[in-house]
Amino acid sequence: MAKASYTLRNGRVYVHEKCQQPTQVNGGDFEGLCNPFNLCLGTVCAHCGGPRALRTFHWADTGEQLDDYRRRLRTKVPPIYSWWYLWISPLIGLIAGTIIGPLFLNNSSLPVAAGSALVGTLIMYLIIGPKLLMLIAPKKYYQLR
Ligand SMILES: [Zn+2]
């Protein structure tokens with residue numbers, strides 16, 4: 001596998017398969033798009049807008065579809081990352097939500113506890129878990145071809 005030299009500043013170009021037009025992605029969007037643990041359901045085409053599904057785009061230089069790319073990157077990291085993403089971080093959110101919600105609302109009824117447990121789980125799964133993973137991960141995903 002060739003060593004790529006992608007940078008956040010220059011980013012990378014993907015092509016929308018429907019209109020065959022290139023879009024350059026860089027900065028935080030690029031980093032987020034390449035982080036397989038960051039929830040990303042679609043991206044935009046500079047030519048015809050969006051967001052559209054990742055599988056309708058491919059990298060201009062390698063031809064790999066964006067969803068295949070993200071799936072492949074996910075298999076290349078230590079399993080602890082996947083465990084953290086899928087189980088540990090949501091579980092922390094679940095426990096924290098169960099405790100914090102009723103305390104904060106001064107109401108420990110079951111619906112309140114269950115609701116805040118759900119909110120805690122979602123926040124950890126969708127936002128905080130991936131962000132922490134980005135901070136501790138030794139790999140800069142966007143640099144991988
Ligand atoms: Zn397009």
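Visitor: What domains is the chain divided into?

Guide: This is a predicted model, and its chain splits into domain 1, residues 12–75, and domain 2, residues 79–137. Their C-alpha centres are 28 Å apart.

Visitor: How do you know which residues of domain 1 and domain 2 count as in contact?

Guide: The test is C-beta atoms within 7 Å. By that test, 5 residues of domain 1 are in contact with 7 residues of domain 2. On the domain 1 side, the touching residues are 2 nonpolar, 2 polar and 1 charged.

Visitor: What makes up the secondary structure of the chain?

Guide: There are 4 helices and 5 strands, and from the N terminus the order reads β-β-α-β-β-β-α-α-α.

Visitor: Why is the chain called more spread out than a compact globule?

Guide: For 145 residues the globule rule gives 15 Å, while the radius of gyration is 18 Å, well over that, so the chain is more spread out than a compact globule. Along the principal axes, the C-alpha atoms fill a box of roughly 55 × 35 × 25 Å.

Visitor: What makes β1 and β2 a pair?

Guide: Pairing takes at least two bridges. Strand β1 (residues 12–16) and strand β2 (residues 22–25) have 4, in the antiparallel sense, so they count as paired. Valine 13 stands opposite glutamine 24 in β2. The hairpin has 5 residues between the strands, and glutamine 20 there takes a positive phi near 60°.

Notes: Residues numbered from 1 in each chain as written. Predicted model: local features only at pLDDT ≥ 70, side-chain atom pairs only at ≥ 80, totals over all residues. Domains from an automatic or database assignment. Contact = placed C-beta atoms within 7 Å. Nonpolar A, V, L, I, M, F, W, Y, C, P; charged D, E, K, R; others polar. Helix = DSSP H or I, 4+ residues; strand = E, 2+ residues; numbered from the N terminus. Rg over C-alpha atoms; globule rule 2.2 N^0.38 Å.
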